[in-house]
Each structure stands twice: as C-alpha cells, then as structure tokens.
Amino acid sequence: MLAIKLWNILRGYVVIRIEGLSLEKFINYAIAKGIYFWDIIRIDYTTLEAKVGINGYKELRHIVKRTGCKVKINQKIGYPFFMHRMKERKMFITGFIFCIFMVFMMTSFIWNIEIVGNEKNSENDIIKYLDTLGLYEGALKYKLNLSDIENNMMIKLDHLTWVGIHIQGTKAIVEIVEGIDPPKIIPKNIPCDLVAKKKGVIEKVIARNGDALVQRGDIVKKGQRLITGQIQREEIDTRYVHALGEIFARTYYEKEDEISLSEIKKIKTGKKFTRRIAKIGNNQIILSLEEIPYKNVIIERRNKRLLNWRNIQIPVEFITEDYYEVIQKKETINESIAKDALVEKMTVDLVKNIPQNASILNQDIVFSKKGNKIKGKLIIEVLEEIGEQQKITPHIELKEDL
C-alpha cells in the first residue's frame with residue numbers, strides 16, 4: 001500500500017467532487033474506459049468525492065458530456081503540481097537554494113574549540129599546538145585528519161594518556177585524560193626518609209636500609225616518618241643514608257550514601273503527541289507549533305539524516321519527538337533490596353580509590369533509617385604499602401660508593 005501511495009504522489013493525482021443525478025452511470029462509464037478511482041466517498045445523494053490520476057482526469061471530459069454530471073477539482077497533489085508551482089516562484093527557489101548553500105558553507109567550518117579534562121596543560125598551550133596541526137577556528141572540518149592530530153598531541157604534549165577529538169556541528173570538542181605522575185624516585189646517592197603517605201595502622205615493617213621508627217600496631221598519620229635515613233649511634237657521628245624498605249599498614253576507606261524506599265514509575269496512558277523538527281547545522285526549526293497537551297510525558301526521539309555524499313556530511317537532520325502521556329504511580333521498594341543496591345553502589349565507588357596491589361581484609365556496613373530513606377556507611381579495611389620517599393633536609397649528598 002505504501003508503494004502505491006508513493007507512486008501516486010510521484011505521478012500526481014487530483015481530488016475531485018462529482019455532482020449529478022447519474023453518479024452510478026458516471027462511475028460505470030469511467031470503469032469501462034479504464035479510468036481508476038480510489039478513496040471514493042459519497043457525501044450525499046447527488047455528490048461523490050474521489051481521487052483520480054492526472055491522465056484519468058483528462059479522459060473524464062467525454063464522460064461528463066454523456067452523463068450530464070459536473071466535475072470540480074478540490075485539491076491537486078503530487079510531484080508534477082509541486083514542480084509547476086515552483087516554476088512560478090523562481091526567486092523563492094533561488095533564495096532557498098542560496099540559503100541551503102550558505103548554511104552548508106557556514107557549517108563546514110570549525111567556529112569553536114572546547115578543551116575538556118585538562119588540568120596540568122594550559123588551555124592556551126593546547127589551542128596553540130592544535131593550530132599548528134591544522135585545527136583552529138575557521139578550519140574546514142572535512143579536511144581535518146583527527147587521528148593524526150590525536151596521535152601528535154599524545155607524542156608532543158606531556159602528561160597525556162588519551163586524547164579524543166570529535167566534531168559536534170561547528171564545534172570541535174577535544175577530550176583529554178591526563179595521567180597521574182608516578183612518585184618521584186630519589187637517586188640512591190641522596191639521603192631520604194620513608195614517610196607515610198596516608199593514615200593507617202602498621203602491620204609489617206621491613207627496613208632494608210635505615211632505622212625503623214615504628215612497629216606493628218602503631219597508628220601513624222600522613223607525613224609521619226616510618227624509616228629514617230638519619231643514623232645516630234653513640235660511638236660514631238650521625239650519618240645519613242638512603243632509606244629503603246616496605247611498610248604495610250591497615251588503612252580504611254569510607255563511603256556514605258542513601259537510597260529512597262519509594263520510586264515514581266511512569267505508565268503510558270496510550271495518548272501521544274508528535275512534534276517534528278528540522279535541524280540545519282546548529283539551528284532548529286520547529287515544524288509543529290502546537291503546545292504539548294500533556295503535563296507528564298515520556299519523550300522518545302527519532303533522528304533521520306540526509307544521505308552523505310562521498311565524505312561530505314550534509315548538515316540537515318529531521319527529528320521526530322513523540323510525547324507519550326503518562327500517569328505517575330508511587331511504588332515502595334523492599335527494604336532488603338534497597339540495602340543490597342546501596343551496598344553495591346557504595347562498594348563500586350570505593351573500589352575505584354583502592355590501589356590495585358592492595359588487599360581487601362574486611363568490610364563493614366552500618367545502616368540507619370530516617371523517614372523514607374535508608375542511609376548507609378561502608379568501611380573497607382585494606383592492607384597496602386604506605387611508604388614514600390622524602391628527602392632529608394638539610395640536603396647532604398652521599399658518596400657514590402654508598
């Protein structure tokens with residue numbers, strides 16, 4: 001059926017109104033001459049409305065004379081009529097084509113560059129370097145090789161672990177992930193201490209060089225000396241060494257969160273409102289001007305783009321938004337299920353902060369209920385190495401043979 005409708009639109013047809021006392025004779029004569037009618041509607045005893053192709057309509061003049069009926073065109077539909085109207089509006093067509101061309105030209109260039117995720121590299125330095133790679137405001141976006149630009153940035157700029165560039169309309173969004181600097185390694189000829197990089201309870205101390213200042217069971221705070229490189233003996237003078245060793249401690253990671261015991265579910269009523277939007281570049285034209293008739297809705301969106309030509313993406317998109325009316329229904333969540341979901345969420349958030357080489361010893365969860373919400377506090381006990389090097393001040397350089 002859809003193929004037939006499309007074919008009728010391409011070849012063109014008219015909606016006609018037939019008036020007279022011999023309507024049945026009119027239809028029979030038309031059928032005998034091979035003229036095809038469809039969507040025939042009887043308005044009253046002396047009036048019919050029907051659709052007929054252009055060629056069929058031209059043949060009706062002979063039947064009109066024989067039956068004495070009158071035929072009037074109510075509507076002209078299809079490609080031939082559209083093209084005929086367009087020929088009479090040459091200035092409109094010229095202006096429309098020029099407008100599309102200008103929109104296409106203006107949306108073919110980069111007019112804005114957004115840098116996301118940079119902290120160690122300044123935005124100005126990144127933009128200046130992108131300029132040398134060909135990505136700048138006013139650059140023709142179809143000539144950009146984004147893969148090459150990303151690779152060059154990874155090679156030339158410091159602290160980068162990943163670079164992603166994508167074009168969104170006339171904006172180039174440069175996403176950057178900067179790596180965490182590894183702890184600075186102090187040369188072995190420089191005296192240093194081992195200090196705690198976080199609070200914890202000492203579990204094991206292995207002093208390979210230097211004197212241990214803590215033992216199992218001690219509670220240490222961040223920055224506290226664990227193994228010192230300052231060696232003091234009664235019989236000899238103070239000397240300084242490069243402290244080495246491993247210090248394992250039990251550390252604790254905490255997370256608090258809450259979850260509601262009720263949720264609002266949206267149920268469709270079956271009523272729907274459709275809005276159509278034409279998007280040209282970054283500009284949107286709303287084709288459906290009616291107001292949305294519903295207060296509570298669920299929106300479903302469908303996008304259709306024009307076909308690309310070679311490597312050129314035509315910046316025209318048609319958007320259909322379906323607004324489904326919904327009623328809101330409040331549902332209560334089982335308390336046990338809510339607690340399990342809360343524990344899972346907090347665990348996932350905490351594990352992101354725990355070093356990969358650490359061992360999880362224990363976890364404890366405490367719940368409290370306040371009103372319609374469950375609050376939880378999760379504590380994960382971890383065994384990890386907490387020592388990091390710190391130069392001894394004042395600076396004293398060791399001999400190479402040490």
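## Ground rules and confidence

Buried here means under 20% relative accessible area, exposed means over 50%, and partly exposed is whatever falls in between, using a 1.4 Å probe and protein chains only. As for disulfides (pairs of cysteine sulfur atoms within 2.5 Å), the structure holds zero.

Keep in mind that this is a predicted model, where local features need pLDDT of at least 70, side-chain atom pairs count only at pLDDT 80 or more, and totals for chains, interfaces and linings use all residues. Residues are numbered from 1 along each chain as its sequence is written, and side-chain values use heavy atoms, with hydrogens and water left out.

The score pLDDT is the predictor's confidence in each residue, from 0 to 100. The protein chain averages 84, and 93% of the residues score at least 70. Confidence is lowest in helix 1 (residues 2-11), with a mean of 73, and highest in strand 11 (residues 219-220), at 94. Where pLDDT is low, the predicted coordinates should not be read in detail. Helices (H or I, at least four residues) and strands (E, at least two) are DSSP runs, numbered from the N terminus.

Two strands pair if DSSP finds at least two bridges between them. Four strands make an open, antiparallel sheet in the order 2-3-1-4. Strand 2 (37-44) and strand 4 (70-77) are the edges, each with a single partner strand, so one side of each has no neighbour in the sheet. On average, neighbouring strands of this sheet are turned by 20 degrees against each other, direction ignored. Strand 1 (residues 13-19) runs antiparallel to strand 4, and seven bridges join them. Within strand 4, isoleucine 77 stands opposite tyrosine 13.

Helix 2 (residues 23-32) lies across strand 1, strand 2, strand 3 (47-53) and strand 4, and runs at about 175 degrees to strand 2. Contact means heavy atoms within 4.5 Å; axes are lines fitted to C-alpha atoms, for helices over the stretch in contact, and angles run from 0 to 180 degrees between N-to-C directions.

Aspartate 39 counts as partly exposed, because its relative accessibility is 48%.

## Aromatic pairs

Rings of Phe, Tyr and Trp (its six-membered ring) pair if their centres lie within 6.5 Å; planes under 30 degrees apart count as stacked, over 60 as edge-to-face and the rest as tilted. A search of the whole structure turns up five aromatic pairs. In one of them, phenylalanine 26 and phenylalanine 37 have ring centres 6.4 Å apart and planes at 40 degrees, so the pair is tilted. Phenylalanine 26 sits in helix 2 and phenylalanine 37 in strand 2, so the pair ties together parts that are 11 residues apart in sequence. Both of these phenylalanines are buried. Ring pairs also link Tyr13, Tyr36 and Trp38 into a cluster.

## Strand 8

Strand 8 (residues 192-196) is mostly covered, with five of its five residues buried. Cys192, Leu194 and Ala196 are on one side, with Asp193 and Val195 on the other. Strand 8 pairs antiparallel with strand 22 (residues 387-391) over five bridges, and there valine 195 has glutamate 388 as its bridge partner. Two bridges join strand 8 to strand 12 (residues 225-228), again antiparallel; here leucine 194 is partnered with isoleucine 227.

Five strands form an open, antiparallel sheet in the order 11-9-15-21-20. Strand 11 and strand 20 (359-370) are its edges, each with a single partner strand, so one side of each is left without a neighbour in the sheet. Strand 9 (residues 200-209) and strand 15 (residues 244-260) pair antiparallel over seven bridges, with valine 205 facing its bridge partner isoleucine 247 in strand 15. Helix 8 (residues 335-351) packs on this sheet, touching strand 15, strand 20 and strand 21 (373-385), and its direction makes about 140 degrees with that of strand 15.

## Serine 288

Serine 288 belongs to the loop between strand 17 (283-286) and strand 18 (297-305). Serine 288 is buried, because its relative accessible area is 11%. Not counting residues up to four places away in sequence, serine 288 touches Thr274, Arg275 and Arg276. Arginine 275 is 13 residues from serine 288 in sequence and 5.3 Å away in space, C-alpha to C-alpha.
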